[in-house]
Each structure stands twice: as C-alpha cells, then as structure tokens.
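Student: Could you take me through this one? I'd like to know what stands behind each word you use.

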Amino acid sequence: MNNKPKIGVYVCHCGINIAKTVGVDSVTEYAAQLPNVKVARNYSYMCSDPGQLLVKEDIKNEGLNRIVVSACSPRMHEATFRKTLVEAGLNPYYLEMANIREQCSWVHEDENEATEKAKKLVASAVVKARLLEPLEEKEVEVEPATLVIGGGIAGIQAALDIADAGFQVYMVEKTPSVGGTMARLDKTFPTLDCSACILTPKMVDVASHPNIELMTYSQVEEITGYVGNFDVKVRKKARYVDVDKCTGCGICAEECRLKNRVPSEFEEGMGKRSAIYMPFPQAVPAKFTVDPERCIYLTRGKCGESPKCVDACPSQAVDFEQEDEFVDVRVGAVIVATGFDVFDASRKPEYGYQDYDNVLTALEMERLVSASGPTGGKIVLGEGDDAYTPKEIAFIKCVGSRDESVGNEYCSRVCCMYTAKLAHLVHEKIPDANVRIYYMDVRAFGKGFEEFYDRVRREGIRYIRGNPSEIFKRGDKLVIKAEDTLKAMPLEDEVDMVVLAVGLEPRRDSREIIDLLRLSQSGDRFYMEAHPKLAPVDTATDGVYLAGCAQGPKDIPDTVAQAKGAASSALILLSSGRVKVQAQVSVVNEETCRGCTYCVEICPYGAIEMVEVNQMGHQVSVARVNEVLCKGCGACVAGCFSGSIQQKSFKDGQILPQLAVLGVM
Amino acid sequence: MVDLDKLRTVAKETVSRDDVKYLIGWSQGTFGFRVSPHFVKEPEEVDSLTFSPLCCNNLATYLTLTEKNPVPRGEEADTRKVALMVKGCDSRAVVQQLVEHGVGRDQVYIIGCPCEGVVDVKKVEKKFGELLEPVQASWENGKVSFQLPGGQVESLPREEVLAQNCLTCRYPNPVVSDILLWDEVEVKGNDDYEDVKELESKSSQDKWAYWQDKFTSCIRCYSCRNVCPLCYCEDCILDRLNPTWVFRSTNVAENTAFQMARAFHLAGRCIECGECERVCPVDIPLMKINRKLYKEVHEKYEFEPGLDPETKPFQASYRPDDKEDFIL
Amino acid sequence: MSDKFEPNIVAFLCNWCSYAGADLAGTSRIQYPPNLHIVRVMCTGRVNPLFVVNAFQQGADGVLVSGCHPGDCHYMEGNYYARRRFTLIRELLEYVGVDPKRFHMSWVSASEGAKWKDVVEEVVENAKAAGPFDQFRRNKINW
C-alpha cells in the first residue's frame, strides 16, 4: 500500500445529541477539503453496526489508511473504533477521534459557535491522523493468582469464586477475623435471614479452601508492577499468639487482668472484652490476638509477676517475642473490597449522641438486638438495678446522608430498609413498644423491599415525615423536636430511646489504599469506577477491580453481585493467561540521545535504563525504554532537552501541528 | 596568590602523564585584552599558559566537545583524561556536567584556580580603547592592574572593570578540583538580583517593549549556545526541522521563542558564568534572562546548580510540597 | 455594535482527570464558553512548557494546562514534574512581558465537572481582558 495518508473523516450525529447543535453537514463539507482527506461522511450513529460498516467499506474500496471519527469522547468509543479498524485489516492506531459531543455539542448552546469549534477540532484530528504510525501492543504473561484486599462479604465472595475456578487467591484482612460488617448484623432485610448463619459457612470456606491463602490481622504494605505482574508486600502483624498452638479455648481471656474492661470494637463499644481477645465467638480464624494498645505487658513492660495469659494457656501459645512478619507474593489481579465506615453521629451534635446514653446509632442498636450481643438480644438500657426496657422508641433517618452540611450529599441506600428491619425487630421483642420513624423519604427499591415496608407499617410502626431539628432531655425522657410536614404541625415527642440511622462513609483510612494503587475517588469520596454504567467494577488501573461498599454504599445482594462481577473480570485475565500492555510507549532515538539520564530519573516506573552502545568507534551511554514497563505517561518526553525520547502517538512532531491548526482561523 | 611558576610546573607534570590526552588552559591572546584558550599536548608548550583577570573564557565548554569523529578502522578511541584549568564558575559548570553524565569524573583532571574576578572586555575597551598590542593584567590589593603597551601601568578599582557577575560572585573558589594551584580567595560578592528585580517591577507592556527591542537585534548566530558549557546536545532541538520548534528566520517572534526556549532549558542548570552575554555580537543582556530563572529556582526551590555532583538534576526532580499558588 | 473579541485558547488536558472531568461536564450538560480547544495528552507530565510558547506563536491568545490533583496522578508523579516546569515557564513568560492573564494551570479531577466550567470561564474572562495576542504571532505561512 502507498504510504501517503488517505484519510477518511466520519462525523457522527449521535442521533440529535450532536446534530441538534453542531451543523454536521457543514463540518463534513469542511473536512472534505482538508489536505489528504479522501472521504468525508456523516451518519446518525457511527458506533452502530451500519456505522462501523461505512468505515470498513471505505477502507476496502477507497484504500483509506487513516480514520478520523468526530463523535463522542474517545474515552467512550476509542476502543470500539480501534476494533473496527482491526476488522478492516488496518492497524488500530491509525485512528484519531475528535470529541464534538461531551466537549462541544453538549456544552455550547449557540449553533454557530459549536459548529465552528467542531470544525477546528476535526481539523486538529485530521492533522494528527496524517502523522500517526502503526503500533503493536506487546503481550505479557499473567500470574495466575489474585490479591483480595478486605475480608468482608465482598472479599469473601470474590475470593471463593476465583478459588473455585481453580486459581490461587491471597486474601488480606486488617482485623483479626474475616466477616466484615455483615458479621455484626443480626438479621438482614428483607428476608430476615440470620446474618451470621448465612455468612459463617462462607467464612469457614474461605479459611479452608485449598486455593485461598488467608492472611488475617495483616495489611498490604506495598504494591508495584503492572497488570498481570503485581508484586505485593504484605505485613502480617504480630498477634503475640502462636496460631499453630492456639486452640481458641479462651482461658487466656478469662484470666486476663483487663477482663471486661476494654470496649469491644465488634460490639461497637456496647460490650467489653479483654486485652487478649477473639473478636466474636464465630471468628475465622478462631484464634486469639493480643491488643498491643491495651495489653498491660506490651504498654508498660510488665504485667504483675508474669502475664496471666501466658501462665493460663494450656498450649503455651502466648508469645510476647513475636514480631511482624513480611510476605512477598506475586499476583495477576487485585480486588479492592475494603468496605465502609459508618457516619460518626457526634458530627450532628443537635441529636445529642455524645450527651445522652439512650441515643444510639443503628450499628449499636444492631448489637443490642443480636442474640450474640452484649445483652443477649434483649433491648435493655442502663445497667444492673437501673436497667429498663424502653417503650417509646424513635428512629431518625438520613443521619449523615443527603446532608450537605456534613459533606455527604449522597444517599446511603441501605438506611431506609435497615431502619424498617430494626423497627420490626423492636416490635417483635417489645410487643407493647410504641415505635415511630422520622423520615424525609422512604426508598424501598429492591426485590421484596416495598413488601417489607408495607408489613412493617401494618405492624403499627408509625412513619412521621419530618427531619428532627434537635433532641434534648426533659426529666427522664428525651424530647425530639420536629415538624410533621404532612400535617404541617410542629411537635415535641417524648421518647425513651432514639436510634440514629447513620449513613455509610468511605473508610477513614481509604487514603492508604489510594496511595498503594493510584485509585481515584468519586465526588462522594468512595473509590471511583472506570465507568459508572458500563464498567462499575473496573478502575482506571488495569488489573485492579472494586467490589462492595468500597465503591459506594450498597446492600448485601448488590455487594455479592458486584463481588461476583469483580471475580469474573479478574478471571478473564487469569484464564487467558496473557494480557496486552499498552502500545503508546516512549522510544529513544539513540543517535541524538546524549546520555544525561534525566529520563531515567524522571520515569515513575523505572522503565528506562542506560545502555552502552558503540557509535562510530566510541563507547557511549544512551537511554533505552523497557516497553513492557512503560505506561505511556510521557513525563520523560517533556524532560528531554534534545527531544530524543518521544512517546508514540504523542510525539512532539504530532502535537505541534495540532497547535498550528488550532491557532489559525 | 596567582603563582604562574606553580601553574606551569603543575601543567608540565600533568601533560607528561600517560593517562592525560591534553590540558586546556589560557594563554596570551593575539591582541589587546584578548586571552585565548590553549590546548597543550606537549610539555614544552606550558610556558605560554597564564592566569590573569583577562581569562574570561569558561573552558568547561570544551569538555563536551563532540570529539566523536569516527574512529578509523583498526584503531581504538582515545579515552584518556582531559586536564582542565577552572575558575570558580567554570568548576560549577564541570559539576553540572558531571551531574548530567556529560562527562565522567574519571575523564577529567581538574586544576583549580581560585579567582578574584575577570574583566568585562567591553568596559575595559571603553576605558582604554581597542588596543592592538597585547596587554597584561593582574590582581593587586583588591584592584586590577593593567600593563599597557608602552610600559604604562594603570590600576583601577574592581567595580569599574570587572564583569557584572564577577561583582556578585559567591563562588570564586573551585567547588571541585583534583589540585588547587594556590590559596582560596575571600568571597567578596553578594547577590540580591537587583538587575532582575528592576525589570520585574516594570509593567507587562514595558517588559515586552524592552525585550522586543533586544530580541530584534538577534541575528541567530548561536554564539551564546556554542560558548555555553551546558548547551551540548549534539543535535539541538532548536535547529531541528522535524519537528520544527522555531523557524530559522530572524524575525522577532522566532528570536523570542529561541531565547525563551534556551533560557528554559537552562533553568536549574545555568551556573551564571556570563559567557553567553560576553560573546553576543549584538549586546543582548542574556544574563538578565538566565538570572531571572536562576533567582526563581534559588528562591522557590532553594536549589543552586553546579555545587554538588551527587545531587539529582533540578528538572528531573520534584517535592510533593512544591509551591502552587497560581494553580486554579 | 461593538466588535467583541473572542479569545482563541488552547488547552492541554490529561486523559485521566481533566479530560474526564470535562467529559463529565458534557454529560451533565453544563454550559460554558466555546473558546477552548482541547489537546488530549495522557498526562500533564507530557506537556512540554515550550508548547505554551509555541501555541502563542501559532495564534493562541491564551493557554491552559489542566491535570490531576497532586497526589492523584494516574502515573504517580507526572503532575509534580508539570507543576515545577510550569511554575518556571510562567515566571519566564511574565518576565518577557507576556500578560500573566494569558497562561493558566488548574487541577481538575474526573469528578469535577462543575469545577471545569468555573476554570473555563475564568480562563476565557482573563484572556478576553488581555486582548488579542498579535505581537508574538509567527508570520502567516500558506500551507
């Protein structure tokens, strides 16, 4: 084929998305007279089958060797049209797109202005297309293993799916046991399944699966590498208990000097534990851990004559000499399933969460109603002789959600349903309780949700529409000040207990994972997916996937579905065994390179090294790029004074003509 | 102080070494106040070497000579050392070249000459006229003494004859050397960047008018680039046609682009030797531009190039807390 | 009827953050002035500061470089290098007498569609105030 560029320009109407504001005919006419343009057409939907066929036919019949598609954003359909080129026998990198939708027709009202701008953008794409070169994507092998960060239901499900498919999984969980937040729930909506009953079998599976290496009480320290070849360093924190000897009998916790003195994280502070503890009886692994921040021996250097746990343990499993251990593993894919934190209710001081013992968060209430909780499932407030069963109980929804004043504009999705569930459980345990729920809206969107909501209302639980302004104490009672907006009546409601339906927030330590993996955050600060509709489990980094509430608030069915989706995406990589790495890498002109090593210093991936070459009898040192490690950022190119290193598809010689075209006119 | 006998002895010894290709120093020029760089290969030639306030040339620029002539078949490339005589500023150029691997530390034998400042030939020629006979000069008690043709000796205060950047010089002693020829001198200069600040205080229009006036005279002779010890790309990006960054026409728009590009490429690298301004045939105040970026790098990032051979190059490094007050 | 000057602005946007943010502004149908013409690069680290000088020579009245927030660069460090380089070129441009209202840099993340609109409006307003930039223009060549 003749190497002279023969460019085909295709202007998409995108229905009326582009055609309503941009004069597609006039743009096509303009494109047709640009240098080297052989064909210029416009069509209603370029990405559709007939649209792509237009391109393929022209390549065949007109001998086109460069294609310009002026349509939506390349972030949308660049991959689609690259495929079209491949199917027509053309190198996929002979494609250039002009974004005349997201960055033109959708943002400019004036038709003249939008059309003129579209013409300029098309001219810029044409001038670049003229200078494009064919590129090859190199293939690398994929390590047949996956890293799952997070041992909640999302991580567990993803790990099980991948392991069942026959691939190795390394699961890293920060706390001493897997299970996550789901292990702390009593019943789940709308079916009222016992949460632990459906979760614990999966927890046991994950610990005993031959393909899963479970590392609890561990953290990911560092991840380097690229898709198919991630090098992971895991820190296994010291439990100060030898897990091979520990039988989980619990005698150490019974003997501990701090028995019943340390607030339990699992019980959300509603119950107490010892300094040596198992988070909950069904913990997996069923081993004990010493809390290094509370243990008297670790914080003060001695515990009486000798630590009681050491003496009491029948297997001599307590070992205060233990140190953190580091493990290196290599994986092909990473799944981030780190879950969420609940909103800190003290940030709404008007609700008195910090001031009054009988204002609880929903998670604290969850522990109260749990049969395995601190009160054995009885809803009881106060202690000892002062214990009493509340009769007047109120729930307040949207605490920390849909609230700009605390920086959470989003809806947390699960609170309407869990409030209905908790209200139902209250009614079940205290039949003569008077339960009311203060709401702004009721979102019962899922399968069985609306039916459950109806049932709860039929049980006599009152829904009052109005967002309370404050809660204060009057004598023994709490008073909720609100307005019933349906009756247009202000009211003061005297209750014994208030439960705040706190929203879901991104983990407070989410920055750690961001730094590890270069993840982005959405506006709501949860981890960002590659595309909100079409790629909800992918991230901008190839080979890294999201599952569960780490990506956004959701309930258990959606979490499990997403975890299965993430597992499936990882399995695509693992089962094919090979992956293509991006082709727009940098390359050095060794003739002009003067060996200053600036590019080597600049490259964030260490993809460039110096090599000795013989130039006309002299041994000189020049730079050379490792094309597999190069990610195509181009930082080296801008740092090279001699212009010797250039990024394919983004060469200086390809960008400067674009500036020329954008300036003229 | 300056000991010419010591200089010549050391030079002779050095040139006689087996592992030294040649020595680069200064010798008397052919006329007036001129001094010429001298490549000494034979020990006999060392007698013409000198060191005086007239030695303005920065010899470090010859270290990166593109001596890459093809090696004839059967022969090996000559990889012996080059011995180089350096003043304070010259040594900083060598350090910067070391940082950038333009030359290897084992490729150069550095002979350090602590310097009390060299003259600005234009200032001196204004005072004495353009003389034909060669002139000698020396530093005497804080002044510069000229032995003019005809036997007359004139001593002038340093402020009147020294180059501007010698008056603000803070590094008169070589920062790196294999041998120091005489005692280090006292640091007399201090730099407030007055010349830069004066221009900074003008309005945008005045600044533009000032520079357009200067850049109009540029004839694109590339003397500034050729003499600069840190401009040593074999194929300069500003010469290239594919792609063409600047056109070769000498209209003011292209000249401005050329000067800005060169100044930017020198940011964090220029060691203020002042050679560029010295050799410019149309008297463009090039140091004013280079010093502006020197000041910015020094003040904003607390970095001065050419002092530490182990440091990372400025334009290949960053700090996560770099200032960003202008960024939206 | 006044002949209103509409500045011609070239913008370099990094693919992962600012380009995506501008796309989000589009999907959200946020309206803004049409003076910006975008050149897509993978990272602001790719943008050679001399592109800015070249853009002015080729006819731009204003230039914008926009990328990821520091710490969020998809390639880890590209925007840190860009930050240093563009701080210097900005000083140089101002020193040579180019109106500082002509060159801007911004950090716009992929979820900041609304911020993108604000950035565009500020850049256009500033370039309008600076007026047409004819003095730096390369002599027109007939292709």
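Student: Let's begin with C:Met76. Why does C:Met76 count as partly exposed?

Tutor: C:Met76 has 18 C-beta neighbours inside 10 Å. A residue is buried with 20 or more other C-beta atoms within 10 Å of its own, exposed with 12 or fewer, and partly exposed in between, with C-beta atoms placed from the backbone. The count of 18 falls in between, so C:Met76 is partly exposed. Before we go on: this is a predicted model, where local features need pLDDT of at least 70 and side-chain atom pairs count only at pLDDT 80 or more, while totals for chains, interfaces and linings use all residues. Residues are numbered from 1 along each chain as its sequence is written, and chains are lettered from A and ligands numbered from 1 in the order in which they are written.

Student: What makes the phi of C:Met76 worth a look?

Tutor: Most residues other than glycine have a negative phi. C:Met76 is not a glycine, yet its phi is positive, about 75°. You'll find C:Met76 in the loop between strand 3 (62-67) and helix 3 of chain C. Helices (H or I, at least four residues) and strands (E, at least two) are DSSP runs, numbered from the N terminus.

Student: How do you know that helix 3 of chain C reaches close to its expected span?

Tutor: The expected span is 1.5 Å times one less than the number of residues. Helix 3 of chain C covers residues 78-96, 19 residues, and reaches 27 Å from its first C-alpha to its last, against 27 Å expected. Just after the helix, C:Gly97 takes a positive phi of about 110°.

Student: And why is helix 3 of chain C called largely enclosed?

Tutor: Because 18 of its 19 residues are buried, the rest of the structure largely encloses it.

Student: Over to chain A. What makes you say that the buried residues of helix 1 line one face?

Tutor: In helix 1 (residues 24-32) of chain A, the buried residues are A:Val24, A:Val27, A:Tyr30 and A:Ala31. Looking down the axis, they fall within an arc of 125°, so they line one face of the helix. That arc is taken from the directions from the helix axis to the C-beta atoms.

Student: What do those buried residues pack against?

Tutor: They pack against strand 1 (7-12), strand 2 (37-43), strand 3 (66-71) and helix 5 of chain A. Two residues are in contact if their C-beta atoms, placed from the backbone, lie within 7 Å.

Student: Why is A:Cys398 called buried?

Tutor: A:Cys398 has 22 other C-beta atoms within 10 Å, so A:Cys398 passes the cut-off for buried.

Student: Last one: how many residues meet where chain A touches chain C?

Tutor: That contact takes 42 residues from chain A and 42 residues from chain C. Helix 18 of chain A gives the largest share of chain A's side, 8 residues. Chain A's side divides into 19 nonpolar, 13 polar and 10 charged. Here Ala, Val, Leu, Ile, Met, Phe, Trp, Tyr, Cys and Pro count as nonpolar, Asp, Glu, Lys and Arg as charged, and the others, Gly among them, as polar.
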